[in-house]
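Dear colleague,

I am handing over the structure below, together with an account of what was found in it. Please read the notes alongside the coordinates.

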Amino acid sequence: MTAPSLAAFPLAARAAPNQRIWRSLKDALVAGMLTALVLGPVTNLVLDQYDFHFLPWRVPAIVNGLAMGVIVMLGRFLLSLYVRARAPRRILAAGAQGAPSLPASLSPRRVLTLGLACGLALALAALSGLVQPGAAFALVLILLLLLLGYGLGLPHPRGKPRPWRLTLPLLFAAGLLLPILLNQTGLLPKVWVSNLTLALIYVLLGTGLNIVVGLAGLLDLGYVAFYAVGAYFLALGAQYLGIGFWTALLLAPVLAALCGALLGFPVLRMHGDYLAIVTLGFGEIIRLVLTNWVEVTGGPNGAPAPVPTFFGLAFSRRGADGLPPFHTFFGLPYSGDYKALFIYALLFAVVVGVLYCFNRLRVMPLGRSWEALREDEIACRSLGINHVTVKLSAFMLGATTGGVAGVFFAAYQGFVSPMSFNFFESVLILSIVVLGGMGSTLGIIVAAIALTLLPEILRAVADYRILLFGLLMIGMMIWRPHGLVRPRRAMFDRGGLA
């Protein structure tokens, strides 16, 4: 592919040095002032009845709105100057060709080597006592999931062996077995297994919403309703119909998909803000029904959810239905960690399967139809694509993933309540999609892990967590408007699919 000519670049790429400095300075001043105006009143103003006091150093510099404005201004100036002065042609040419988010020097082999080296370094640091073992080995498991997500998203050139053909099964086996070995040796406590389980649930939710918002371009603010359908199907099904975990895992996605179709039909002709309002209303209707139908759902008091079983073996101290408990059957000492490890391992397998299906769907005609619908619905219909089928399939498949995540959430918590499915959850899931990069598998994993584990890591500065989230989103909008990891699209060249 030939490089685009100089005339193809915007004038900013060919500006004189003084013009580049002036434009960089202007961008930096605007970004710094906006940051200070947004964060300054939150951190530096104190209301006193009808008066207010301006306290420039009221909070530490790391969360000070004025200090953050100065930092953003300096960072924006240096980055903008570098982009305009040092490498405008290379960066613009990469953007014109739809280049991947990772530099070309990071080949799949180098990514694998780098990831395994980081994991080994973390393991050695934990064993030597430099890093807290639980946090370090949790990071090792996160690295494994990231490598799996990256490997599943690698393009498969026709007529050539699949990249990481043997590595992916090994990474999958390590992700299943390593947490059990680490927990039994005391290096991965139950609290970190629970944190990783919660992160995987949000990876599942982000992947499902990514189909609706990221690929099909349908702004859905009520996605948490499908999450609630899956969770309450397990809890109420066990209470009224005697349904267990495995039955709910098979039937809840079907019920959630039907709810997705129920939402999809009335909004077939809606776009943008109107679609967002209707989906928001659908989510609120589900939450209000769960809250006010006290006789069936338990109302605000919630409902208990059954624990999963392993081929009929319960993870409790005593067995049920005449069967011995799990630890007695295998001759193990009793531990409350077995249930958490079982849910984590099963959820890990489901997440990897969903990521694999998601990546396959993206390159299939259905996935291409979603992307065509997102880019231009009129052009999509003019090409003979049935937009009704495409929209309904996006809603139903996204809802299916939400239903599966709801079943795992109910089994993980052992209790469901309408408070777990409020509007803030929808915003959090949508933030995962936007922050990670719409349509990006790897970005969804990174964003889900960041937004679920950061509150645990930042528990010492809990009062400033929302502020730090806001700073993170502002930084992303300035420097990474397409998300943390830009989705990589397959391209055709002389050698075939690349």
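A contact here means heavy atoms within 4.5 Å. The structure is a predicted model, in which local features need pLDDT of at least 70 and side-chain atom pairs count only at pLDDT 80 or more, whereas totals for chains, interfaces and linings use all residues. Residues are numbered from 1 along each chain as its sequence is written, and side-chain values use heavy atoms, with hydrogens and water left out.

As to confidence, pLDDT (the predictor's confidence in each residue, from 0 to 100) averages 79 over the protein chain, with 84% of the residues scoring at least 70. For residues 94–103 the pLDDT stays under 50, and the model has 11 contacts beyond four places in sequence for them. Residues 493–498 are also below 50, with 10 contacts in the model beyond near neighbours in sequence. Where pLDDT is low, the predicted coordinates should not be read in detail.

The protein chain holds 19 helices and eight strands, taken as DSSP runs (helices H or I, at least four residues; strands E, at least two) and numbered from the N terminus. Of its 498 residues, 44% are buried, where buried means under 20% relative accessible area, exposed over 50%, and partly exposed in between (1.4 Å probe, protein chains only).

Setting aside residues up to four places away in sequence, Phe 408 touches Ile 201, Phe 245, Leu 249, Ile 343, Leu 346, Leu 347 and Val 350.

Helix H7 also contains Asn 210, which counts as buried because its relative accessibility is 0%. Beyond its neighbours within four places in sequence, Asn 210 is in contact with residues including Phe 358, Val 433, Met 438 and Ile 444.

What, finally, counts as exposed at 72% relative accessibility? That residue is Leu 47, which is found in strand E1. Among contacts in the protein chain between residues at least 6 apart in sequence, 72% join residues at least 24 apart.
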